[in-house]
Amino acid sequence: LEPSEKLVEIGLALLKCVSSHRGLTPDIFDEYTRRQYVAKAPERNPFGVEEMPRNFLDFDIFTKLSVLCQLSRWTFVNSDRMREKMSETMDLEQIQWRIEEIGYDKEERYYFVLDDNRLYRRTDPPPPPPPATKSKSKANSKKAKAAARASKRRKTKESQDTEDEEETALEAGVSSIPEGNSFGGRKWECIAVTLADYNTFLDSIKKSRDLDEKALCKRITEEVLPIIEKDEESKQRRQARKERELMNMERLATAKRSSRLASRFETERTQREAAEAERKRKADIAAALAHEEKQKMMEEARESRMMTREQRLKEREHKRVLQEEELANLSEDSKKVETGEARMSERQLKTEMEKRKRELAALDEEDAWTFDCAKCGIHGENLDDGTHSVACEKCNVWQHSACLGISQADAEKEDFHFVCEDCKRRAEDAAKPKIPPLKFHLGSSSSPPNQKSIHSANDSKKRKSFGEASQMPPLKKFKPVE
C-alpha cells in the first residue's frame, strides 16, 4: 500500500505557521522542515545532514508523529501569530476554552474532567528544598562585607546571562523542559472512564472527612455523574440496538437457510408424492386391466359353457327325438308281426323296444341342473357349495344370490322372479330389427368367366352351405368344481 499524504498536509499547515516562507509546497516540505530542525533542535533532526533530505513519507509512524508534535510545539510558541490566523471570538468562548479543575483531594492533587468525560488527576512535583542558611557570626567583618559585595556582583552577572539564554531559547523555540518530561514535572493519570470507574472512585472518597474530598465527591455526583449515566445509557442503547441488528441478521440468515431447507424438503416431498401417486395410478391401472381381463376371461368362459350346455341340450333333445322315432317304428313293426311284414322277430322287437325305453329314461335322468355364477365364476354340474342360490326362469342356470345382490328373504318370496343377464341380452337381441342382407346385381360381361372365378364361386357356395348346416358350436366338456 502507498503511504497516505494526509500527515504531510497536516505537517505543511503547521510549517506555514512556523516558517516565514510563503511559497511552501509538499515538494519542499522536507527541506524547510529540516531547516527548522537545524536552527532550533539539531540534536533531534530526523531528516539528516546530507544534500538531499530524507523523505517524510519514508519515516515510520512514530517518527512522523514526533515531527508533527515538534512542529505543534514550535507553532504554539508564538501564540499571537496563532490568534491572528483564527477568526474573532467572544471573550466567553475564550473562557470556555480554559480547563479548570473540579476539585482537590487531601493530598492536594488536582482533578479534571475533559471533553471525553474522563476523570484525570494531576500530581504536581514537590517544591524544591529551601536554601541552606549561612552563619552570621562574622557578618560585620570587613572580609564578610567584601565577600557579600563580590557574591552580589556574580549573582547579577549570572542572572543577566540566564535572562539572555532564556530570551534566545524563547526566540529559537527551544523549551527549557527536559526532553523526557513534557508536562513540567507534573504527573497525569486517568482515574475513571466508565460509570463503574466513577462509582468505584466515589466509593473511595465518599466516607472521607476531608472537606476538599467531600466537595469533590458532591460536585462529581451532581455535575459529572448525570452526564456519565446518560452517556452510559446511550452506549447501552447503541449496544442493544447493535445486538438486535445482529440477532435480526442471524434470524434472517437462519430464516433464509430454513426457507431453503423447507423449500428443498417441500420439493422432495412433492416429488415423492408425485412418484407415489404415479406408482399408485399405474398399480390401479394394472389392477383394473387385470380385473377387466379376468372378468373378460370369466365372461368368455361362461359364454362358452352356456353355448356348450345349449349344444348338449340340443343334442340330447335330438337323441330323444331319434329314440322316440325308433321306438315308434318298433311299435309299428310289432303290429306287423302277425301279418308277417315285420323286419325282425317278435322277440327281437321286444328286446329292442326295452333297450330304447331304457335309453329314453337315461336321457331324462341326465343333466338334471347346472350351477354357473356370472359374478364369482364358480361353475359345475350339480354343484352345491352350501351357499344360497337362485335359478334363472328361462335357462334354469343356478347362481349365488349374494353375488347378484339378492337377499335370501327376497328370493324366498312367492312373487320372486329372476331372469339372468344372458337371457335378457338374448331377448333384447331377438327384439332388435334384423337388417336384410345386401344383394348386388352384377351386370353382363363381354368376356366369359375364367376357370378361377368359377372355382371361387363354387367354394363360396360350399362354405355357405356348410355354415348353414353347422349352426351349433362344438361340444366342450368342463370339470365341475368340488
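**Sheets, helices and cores of the predicted model**

An open sheet of four strands, in the order S1-S2-S3-S4, is held in antiparallel pairing. Its edge strands are S1 (103–104) and S4 (187–192), each of which pairs on one side only. The structure described here is a predicted model. Its secondary structure comes to twelve helices and eight strands. The protein has 482 residues, of which 21% count as buried. Among contacts in the protein with a separation of 6 or more, 58% are between residues 24 or more positions apart.

Gly103 stands opposite Tyr111 in S2, and Tyr104 stands opposite Tyr110 in S2. The hairpin of S1 and S2 has five residues between the strands, and Glu108 takes a positive phi near 60° there. S2 also pairs with S3, again in the antiparallel sense, over four bridges. In this pairing Val113 stands opposite Leu119 in S3. S2 and S3 likewise form a hairpin with five residues between them, and in its turn Asn117 has a positive phi of about 60°. In general, strands of a sheet pair through backbone hydrogen bonds, either parallel or antiparallel.

Helix H7 (residues 195–205) lies across S2, S3 (119–123) and S4, and runs at about 105° to S4. The buried residues of H7 are Leu195, Tyr198, Phe201, Leu202 and Ile205. Seen down the axis of H7, these buried residues fall within an arc of 125°, so they line one face of the helix. An α-helix has 3.6 residues a turn, so residues three or four places apart point the same way. The face of H7 turned away from the buried side carries the exposed residues Thr200, Asp203 and Ser204.

Strands S5, S7 and S8 show both senses of pairing. S5 (residues 370–372) and S8 (residues 397–400) run parallel and are joined by two bridges. Thr370 has Val397 in S8 as its bridge partner. S7 (residues 389–391) runs antiparallel to S8, with three bridges between them. In S8, Gln399 stands opposite Val390. The hairpin of S7 and S8 has five residues between the strands, and Asn396 takes a positive phi near 60° in this hairpin.

The largest nonpolar core has 16 residues, and those with the most contacts inside it are Leu15, Phe29, Tyr37, Phe56, Leu71 and Trp74. Helices H1 (6–18), H2 and H3 (61–77) each supply at least two residues of this core. H1 gives the most, with five residues. Beyond residues up to four places away in sequence, Phe56 touches Leu7, Val8, Phe29, Asp30, Phe47, Lys64 and Val67. Apart from this core lies another, of 15 residues, among them Tyr111, Leu202, Leu216 and Val224. In soluble globular proteins, nonpolar side chains tend to be buried together.

Thr33 is found in H2 and counts as buried, at 0% relative accessibility. Not counting residues up to four places away in sequence, Thr33 touches Leu15, Phe47, Val67 and Leu71. Of these contacts, Leu15 and Leu71 are among the residues with the most contacts inside the largest nonpolar core. Gln36 also lies in H2 (residues 29–40). Gln36 is buried because its relative accessible area, 12%, is under the 20% cut-off. Leaving aside neighbours within four places in sequence, Gln36 is in contact with Leu15, Val18, Ser19, Ala41 and Trp74.

Notes: Residues are numbered from 1 along each chain as its sequence is written. This is a predicted model: local features need pLDDT of at least 70, side-chain atom pairs count only at pLDDT 80 or more; totals for chains, interfaces and linings use all residues. Side-chain values use heavy atoms; hydrogens and water are left out. Two strands pair if DSSP finds at least two bridges between them. Contact means heavy atoms within 4.5 Å. Axes are lines fitted to C-alpha atoms, for helices over the stretch in contact, and angles run from 0 to 180 degrees between N-to-C directions. Buried means under 20% relative accessible area, exposed over 50%, partly exposed in between (1.4 Å probe, protein chains only). A nonpolar core is a set of buried Ala, Val, Leu, Ile, Met, Phe, Trp, Tyr and Cys residues joined through side-chain atoms within 4.5 Å. The arc is that of the directions from the helix axis to the C-beta atoms.
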